[in-house]
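Have the structure open beside you while you read.

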Amino acid sequence: MAVILHAVPYRDSNSPHDTNVGFSWHTALGVTIGAAVLLFAIGMSGHGWSWPDLGDPIIARLRLPRIAAALVVGMSLATAGAALQALFRNPLADPGLVGTSSGAALAVVGVMALGIGGISLPLAACGGGLLATALLLTLARLMGGGELALLLMGLVVSSFVGAVIGILLLFSDNLALRSAMSWLSGQLGSADAAQLMWASPLALTGVAMLLILGRDLDCLMLGEDDARSLGVSVSRTRLLTAIGAALVVGAAVSLSGIIAFVGMMVPNACALVIGGERRRLILISGFVGALFLLLMDTLARCVAWPVDMPVGLLVGFVGPLGFLWLFHRRQRGMS
Amino acid sequence: MRTKSVLTVMMLACAAVCSHVAHAAERVVVLTSDVAEIVVALGHAGDVVGHDRAAKEPELAQAQDIGLSHALSVDVVAQLKPTLVIGSHLAKPDAIWQKFNEIGIHAVEIGGREDGADYPDVIRSVGTLLGNEKQSVELAQHWQHAMTPTGTWGKRVLISYDGKTVAGRNTPGDVLIRAAGGINAAADIDGYKPLNPEAMAELKADVILLAQHNRAMYGSAEEYGHRPEIAAMPAGKQGHVYEVPVHEFFTINLQSPVSVAKLKAMD
Amino acid sequence: MRVERDSTNGVSMPALHQQCCDVAYIRNGRTLLSKIDAEIPAGQFTAIVGPNGAGKSTLLRLLGGLDHPNRGEVYLEQQSITHISAQSRARRIGWLGQFGPSDLPLSVAQYLMLGRHATLGRFGQPNREDRQLVAQVLEDFDMLAQAQQAWRTLSGGERQRAGLARLAVQDVPLWLLDEPTNHLDLKHQIQLFQRLREETAAGRTIVAVLHDLSLATRWADHVILLSEGRLLRQGPPAHVLQADILSTAYDVSTELLYEQGLHWIKPTQLQPPC
């Protein structure tokens with residue numbers, strides 16, 4: 001809801017012939033679609049759709065938190081993806097590039113391997129994610145800073161962490177580790193209201209940071225010198241963007257484990273329709289990402305009833321197909 | 001007289017040599033702890049020269065630790081010059097059986113269903129391989145008898161690995177529940193599957209079991225019992241949510257009759 | 001393509017001049033520039049020329065404050081450029097790099113609006129005046145019809161024009177251009193220089209690194225000739241364009257002709273390739 005309200009005051013275009021009619025039409029459409037998806041999700045269950053009774057504890061305490069988690073995670077991943085694609089000037093950039101997902105995975109596995117009781121998985125995931133990004137930024141600076149250093153360190157960190165996790169799994173006979181991997185693998189069923197309480201402000205802070213940096217990111221895409229000449233501090237923009245992305249992704253990982261593809265695909269799909277102006281793209285991607293993941297999770301929890309399909313599986317299946325279609329449309333549009 | 005005593009000595013010597021040869025011929029390596037348990041129960045611990053790290057029976061102390069059963073090395077086992085290598089499907093990597101046969105080691109994978117419903121057959125298979133059929137048949141019969149349901153307990157039981165994944169049909173948990181005379185609340189499901197919490201609320205279980213090593217996933221038995229979908233069912237209302245060791249309720253083994261008894265005592 | 005602006009609409013600040021005093025620049029142990037005492041006169045078109053590796057782009061970057069000299073100072077109107085904040089610099093100096101981005105998911109109008117980032121800062125939103133400025137510049141640069149077109153669909157010449165338009169939107173009194181003629185055909189080169197002359201007429205100071213000597217001599221008011229990191233000569237084109245100094249700079253014998261109002265440089269030592 002916060003995302004929808006935030007979209008309202010935003011202008012639709014930068015054209016010299018700006019008209020207010022354009023912006024309110026699109027916003028109204030967005031709000032309507034959002035409301036429809038929300039209503040669909042709240043009423044949908046394995047027994048079909050029915051008008052939701054919000055007094056039912058099953059719906060209030062199971063379904064609503066899950067819906068809220070889907071919105072927060074979808075928004076987080078998509079906004080992080082939009083920002084990082086500008087930062088790395090690469091449409092294939094993914095929220096995992098700042099090391100947050102790797103750090104979260106290692107923290108979760110580590111906490112279980114060491115048997116640290118009392119530390120919950122979500123807390124470990126978020127903390128580990130933020131630590132990993134901090135480590136990444138420090139390493140990148142030691143390597144001289146710059147876009148390439150950031151990218152390389154991201155790859156190095158995620159490969160290394162993956163190997164460490166593999167080794168831990170191989171040589172440990174602690175069965176709990178294997179269960180941790182399933183938690184990590186992208187599911188929305190375990191988030192409760194308490195987790196949402198502290199993950200949401202974290203995510204919104206990150207999104208706010210990324211929105212503020214929107215135009216700096218546009219300038220960054222012109223090249224370092226041109227950006228600097230326009231008054232943009234390149235290193236500070238990189239740092240703040242990475243931190244904003246880490247906050248947002250850390251919050252998401254703590255709620256749902258690692259869901260792939262949303263962060264890469266949603267911003268690209270949105271850019272095909274609304275163009276690449278970064279501030280607007282971050283906002284719209286957040287909105288679309290939230291609704292997209294909500295839709296996917298609603299399907300995931302209903303289509304194989306009573307089995308709960310991990311939403312990551314469904315996203316990995318549906319996402320690329322939709323994206324191929326959009327890309328095809330774009331190619332046709334360009335020729 | 002003299003001939004008789006010479007013959008006796010020769011026969012005794014022969015018997016001694018024969019039994020020594022028969023005894024020296026058996027060098028058994030057990031790759032997995034589930035099979036090791038049966039080997040020890042059949043009294044053949046003395047034949048074992050190698051066992052996996054998880055097999056902790058004191059009778060096997062004199063044998064060598066060959067490593068983790070899910071990460072085995074052919075060389076380590078071959079160095080022990082075994083005459084027989086046995087294990088279950090839990091032995092990994094899967095290709096290890098072929099490797100043993102390629103280098104001429106007699107290696108047999110003890111087959112068996114995943115849910116352990118044919119456990120008596122497994123006991124008998126091990127016995128046959130060890131050359132001790134009689135004892136294994138006895139043990140199998142004894143075990144089977146202990147696992148036969150007595151009377152109708154009739155409670156609905158839900159066995160969950162981590163609070164989300166439940167044991168449906170064709171799982172060891174299902175075998176145990178039926179042996180106790182109970183009803184598997186998740187009988188509509190095949191195998192281990194993660195359940196939608198809303199669906200879980202409809203299961204109406206009287207007893208819920210959780211694998212205790214997964215505490216980080218479900219909190220604690222008490223916290224789990226407060227979840228809305230659990231609190232709504234009899235198990236949650238009466239506090240019949242229990243944390244159990246994984247080998248007691250997620251595998252079928254020689255101690256399963258004890259597990260069954262424990263289960264019946266839970267409600 | 002006539003620019004119809006009065007000086008208030010064109011350049012909102014008095015013309016700037018720059019100065020380099022004993023500037024040296026060393027990177028990775030190599031001295032790229034040494035003992036540079038250069039003048040960038042206000043309101044004029046200065047061309048920086050010289051052979052490859054002479055340090056032209058390096059000097060331009062120092063003028064733009066994108067890098068700082070190891071020795072000496074670069075001044076912008078008596079003030080050392082290192083003492084000017086990035087924001088303040090962005091309101092006075094515009095930079096157009098040699099290579100534009102390979103891809104940019106923006107429309108032409110959005111690309112131009114980035115020029116306003118210097119004045120808007122991070123938190124500002126473009127207002128009506130900003131939009132009107134962009135519209136005006138689009139018209140001046142004959143790109144109004146392409147306002148909503150995707151930047152990536154522009155040709156090389158159009159991208160160059162859009163780049164200059166961006167500088168116009170940035171509304172700064174000093175323009176620094178690194179090899180602006182690189183991807184342009186003859187017609188667009190001439191258009192570029194005509195526009196640059198119009199800008200200087202309106203009061204802008206322009207510095208451009210140029211590869212082509214004859215273009216420099218034809219269009220520039222002031223020429224700075226570099227060779228191997230040293231300043232060989234600076235001044236009006238005729239002063240710099242002397243056979244002896246050019247031969248030293250380019251390591252090739254030349255003869256100079258002045259015909260039909262244009263300077264012509266003719267290499268005299270034509271050796272067959274070995």
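My entries follow, from confidence through chain contacts to a few local spots.

**Ground rules.** I am reading a predicted model, in which local features need pLDDT of at least 70, side-chain atom pairs count only at pLDDT 80 or more, and totals for chains, interfaces and linings use all residues. Residues are numbered from 1 along each chain as its sequence is written, while chains are lettered from A and ligands numbered from 1 in the order in which they are written.

**Confidence.** I noted ipTM 0.86 and pTM 0.83 for the model. Where pLDDT is low, the predicted coordinates should not be read in detail.

**Who touches whom?** I counted two residues as in contact if their C-beta atoms, placed from the backbone, lie within 7 Å. Of the two pairs of chains in contact, chains A and C share the most contacts. Chains B and C do not touch, and their nearest C-alpha atoms are 42 Å apart.

**Chain C against chain A.** Here 29 residues from chain C meet 23 residues from chain A. On the chain C side, the elements giving two or more residues are α3 (86–90), β7 (93–96), α4 (108–113), α5 (117–120) and α6. Helices (H or I, at least four residues) and strands (E, at least two) are DSSP runs, numbered from the N terminus. α6(C) gives the most, with four residues. By class, I have 18 nonpolar, nine polar and two charged residues on this side of chain C. Ala, Val, Leu, Ile, Met, Phe, Trp, Tyr, Cys and Pro count as nonpolar, Asp, Glu, Lys and Arg as charged, and the others, Gly among them, as polar.

**Chain B against chain A.** I found 20 residues of chain B in contact with 22 residues of chain A. On the chain B side, α8(B) has the largest share, three residues. This side divides into 12 nonpolar, three polar and five charged residues.

**α6 and α7 of chain C.** Back to α6(C), residues 128–140, which packs on α7(C), residues 156–170, at an angle of about 140° with the axes 9 Å apart. Axes are lines fitted to C-alpha atoms, for helices over the stretch in contact, and angles run from 0 to 180 degrees between N-to-C directions. Which residues of α6(C) and α7(C) meet? Leu133(C), Val134(C), Val137(C) and Leu138(C) in α6(C) face Ala165(C), Ala168(C) and Val169(C) in α7(C).

**Arg152(C).** In the loop between α6 and α7 of chain C I stopped at Arg152(C). Leaving aside neighbours within four places in sequence, Arg152(C) is in contact with Asp103(C) and Leu104(C). The C-alpha atoms of Arg152(C) and Asp103(C) are 6.0 Å apart, although the two are 49 residues apart along the chain.

**α2 of chain B.** Last stop: α2(B), residues 33–41, has nine of its nine residues buried (20 or more other C-beta atoms within 10 Å of a residue's own, C-beta atoms being placed from the backbone). The cover for them includes β1 (28–30), β2 (48–51), β4 (84–87), α5 (119–130) and α6 (133–146) of chain B. Just after α2(B), I noted a positive phi of about 85° at Gly43(B).

Note on methods
Buried ≥ 20, exposed ≤ 12 C-beta atoms within 10 Å, placed from the backbone.
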